[in-house]
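Here is my note for your first read of this model. Keep the structure open beside the text and check each point as you go.

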Amino acid sequence: MTEKGKLKRIGVKDWQQLQQISIETYTDTFGPYNPPEIMDDFLTTAYESKKLQRELANPDSRFYFIELNDEVAGYLKLNVNDAQSEKMGPDSLEVERIYIRPAFKHQGLGTYLIQVAEKLAAENHKAKIWLGVWEHNDPAKQFYEKLGFKRIGQHSFFMGDDEQTDFLMQKVL
């Protein structure tokens with residue numbers, strides 16, 4: 001427990017709540033920038049029940065809900081080893097998703113979740129943490145830069161047939 005909320009490790013049995021929060025937060029962040037049909041297609045595929053259950057069961061991925069006032073405010077997904085979405089090596093931990101529900105933004109939860117990722121990385125002898133952030137998500141890029149992340153590259157991310165660019169950012173611990 002922290003003044004910022006309560007962290008709860010989640011597993012396969014929590015897939016429905018994870019699905020609902022994933023769709024809500026992804027739509028909030030990216031919905032205004034993508035046509036509804038592309039968003040619907042993406043959300044249906046990315047957060048499909050069996051896919052989420054496989055992700056939750058992967059021993060190289062960890063999911064955590066952050067709760068505030070007995071309500072789930074968002075979640076964190078971390079990957080190591082082969083679960084990483086890019087080959088960054090065995091000394092890296094990926095922050096694949098850090099999603100905060102709209103009503104809980106600007107309360108320090110994102111900073112707290114990055115601190116959790118850093119702590120878990122250190123405990124697991126990882127030298128760096130990294131993530132991908134959409135090139136046009138200026139608030140997120142500024143947030144990560146403020147926390148010590150530096151851009152190290154980029155990769156393509158597809159919303160349907162629409163190729164978009166994610167900047168890869170890394171923090172050496």
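Is Arg101 buried or exposed? Arg101 is buried, because its relative accessible area is 15% and the cut-off for buried is under 20%. Bear in mind throughout that this is a predicted model.

1. **The partner of Arg101.** The side chain of Arg101 meets that of Glu71 in a salt bridge, at 3.5 Å from N to O. This pair links distant parts of the chain. Glu71 lies in strand 3, residues 71-79. Arg101 lies in the loop between strand 4 and helix 4. The two are 30 residues apart. Glu71 counts as partly exposed, with 39% relative accessibility.

2. **Salt bridges overall.** The whole structure holds 14 salt bridges. Find the network first: salt bridges link Lys51, Glu55, Lys77, Glu96 and Arg97. Then look at Asp14 and Lys13, whose side chains meet at 3.2 Å, N to O. Asp14 is buried, at 9% relative accessible area. Lys13 is exposed, at 67% relative accessibility.

3. Asp138 and Lys141 form a salt bridge, and their closest N and O atoms are 3.1 Å apart. An α-helix has 3.6 residues a turn, so residues three or four places apart point the same way. Asp138 is partly exposed, at 40% relative accessibility. Lys141 is buried, with a relative accessible area of 14%.

4. Helix 5 spans residues 138-146, and its buried residues are Ala140, Lys141 and Tyr144. Their arc around the axis is only 100 degrees, so they lie on the same side of helix 5. Now turn the helix over. The face away from the buried side carries the exposed residues Pro139, Gln142 and Lys146.

5. **What covers helix 5.** Which elements cover its buried residues? Among them are strand 4 (92-100), helix 4 (109-123), strand 5 (128-134) and strand 7. Look also just past the end of the helix. There, Gly148 takes a positive phi of about 100 degrees.

6. **Leu168 in strand 7.** Strand 7 runs over residues 162-172 and includes Leu168. Leu168 is buried, at a relative accessible area of 7%. Which residues does Leu168 contact, leaving aside neighbours within four places in sequence? They are Glu86, Met88, Trp130, Leu131, Gly132, Lys150, Arg151, Ile152, Gly153, Gln154 and His155. Take Gln154 from that list. Gln154 is 14 residues from Leu168 along the chain, yet their C-alpha atoms are separated by 5.0 Å.

7. **Helix 1 against helix 2.** Helix 1 covers residues 15-30 and helix 2 covers residues 36-46. Their axes come within 11 Å and cross at roughly 150 degrees. The two helices are therefore roughly antiparallel to each other, since angles over 145 degrees count that way. The contact uses Ile23, Tyr26, Thr27 and Phe30 of helix 1. Helix 2 brings Met39, Phe42 and Leu43. The crossing of helix 1 past helix 2 is right-handed.

8. **To check on screen.** Start with Arg101 and its salt bridge to Glu71. Next, view helix 5 from both sides: Ala140, Lys141 and Tyr144 are buried, whereas Pro139, Gln142 and Lys146 are exposed. Finish at Leu168, which is in strand 7.

How values were computed: Residues are numbered from 1 along each chain as its sequence is written. This is a predicted model: local features need pLDDT of at least 70, side-chain atom pairs count only at pLDDT 80 or more; totals for chains, interfaces and linings use all residues. Side-chain values use heavy atoms; hydrogens and water are left out. Helices (H or I, at least four residues) and strands (E, at least two) are DSSP runs, numbered from the N terminus. Buried means under 20% relative accessible area, exposed over 50%, partly exposed in between (1.4 Å probe, protein chains only). Contact means heavy atoms within 4.5 Å. The arc is that of the directions from the helix axis to the C-beta atoms. A salt bridge is a side-chain nitrogen of Lys or Arg within 4 Å of a carboxyl oxygen of Asp or Glu. Axes are lines fitted to C-alpha atoms, for helices over the stretch in contact, and angles run from 0 to 180 degrees between N-to-C directions. Angles under 35 degrees count as roughly parallel, over 145 as roughly antiparallel, 65 to 115 as roughly perpendicular and the rest as oblique. A crossing is left-handed if the near helix is turned anticlockwise from the far one by less than a right angle, and right-handed if clockwise.
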